[in-house]
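Here are my notes on the model you sent.

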Amino acid sequence: MWGNESYRKSFPKKAQKSKGTLRGEGPRGKKKTKRTPIPENVKKKALMRSGRYCQYCRKDLLRNRLMPTFHHIDGNASNHHLNNIIVLCPDCHNKADRGVITKEQLIYKLRSSPRPMVGPNMDEINKLLFGW
Ligand SMILES: [Zn+2]
């Protein structure tokens, strides 16, 4: 159908593409889940549980003045359940993001990491969360 073809061509392609900008559709494209910030009380609980250590390599974050990172084990950036959050040093977080450290390894570490006798106090937690 000749007529139909020229009719369609008269509409430039970009006209149908502009759907507005949706959050989470950035150039990285891979992660489509909307990232919501982890509630502060969850971060604090996670830090209490980790006892200021990286829960993977056991590095002392406080002593090394490292900002703790909160990694979503299942990869869902909106699942802020405490059991889905593991406290990692920036090194380990990087590895976890790249898949060098697997989800299974993280879960294992989280389950096997010893509960601290004394967790960090509020002052230490604030330092970890907001810097020095
Ligand atoms: Zn680490």
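1. A residue is called buried if 20 or more other C-beta atoms lie within 10 Å of its own, exposed if 12 or fewer do, and partly exposed in between, with C-beta atoms placed from the backbone. L106 is buried because 21 other C-beta atoms lie within 10 Å. Buried residues account for 22% of the 132 residues in the protein.

2. This is a predicted model, in which local features need pLDDT of at least 70 and side-chain atom pairs count only at pLDDT 80 or more, while totals for chains, interfaces and linings use all residues. Residues are numbered from 1 along each chain as its sequence is written. The mean pLDDT (the predictor's confidence in each residue, from 0 to 100) is 82, and 74% of the residues reach 70 or more. Over residues 15-22 the pLDDT is below 50, and beyond near neighbours in sequence this stretch has zero contacts in the model; a contact means that the C-beta atoms of two residues, placed from the backbone, lie within 7 Å. Where pLDDT is low, the predicted coordinates should not be read in detail.

3. The protein has six helices and two strands, in the order α-α-α-β-β-α-α-α along the sequence. Helices (H or I, at least four residues) and strands (E, at least two) are DSSP runs numbered from the N terminus. Among contacts between residues at least 6 apart in sequence, 66% join residues at least 24 apart.

4. A nonpolar core here is a set of buried Ala, Val, Leu, Ile, Met, Phe, Trp, Tyr and Cys residues joined through C-beta atoms within 7 Å. The largest has 18 residues, of which C54, Y56, I86, V87, L88, C92 and L106 touch the most other members. Two or more residues each come from α3 (40-50), β2 (85-88), α4 (90-98), α5 (103-112) and α6 (122-130). The most come from β2, which gives four.

5. L106 is in helix α5 and, leaving out residues up to four places away in sequence, touches Y56, I73, I86, A96 and I101. With the same exclusion of residues up to four places away, C92 touches C54, Y56, C57 and I101.

6. Which residues of α3 are buried? They are K43, A46, L47 and S50. Seen down the axis of α3, these fall within an arc of 100 degrees, so they line one face of the helix; the arc is that of the directions from the helix axis to the C-beta atoms. Their cover includes β1 (69-72), β2 and α6. Just after α3, G51 takes a positive phi of about 60 degrees.

7. Strands β1 and β2 run antiparallel and are joined by four bridges; two strands pair if DSSP finds at least two bridges between them. F70 stands opposite V87 in β2. Both faces of β2 are covered, with I85 and V87 buried on one side and I86 and L88 on the other.

8. Two backbone angles deserve a look. Most residues other than glycine have a negative phi. R58, in the loop between α3 and β1, has a positive phi near 65 degrees. R58 is partly exposed, with 14 other C-beta atoms within 10 Å. R65 is in the loop between α3 and β1, with a positive phi near 50 degrees. R65 counts as exposed because it has 11 C-beta neighbours inside 10 Å.
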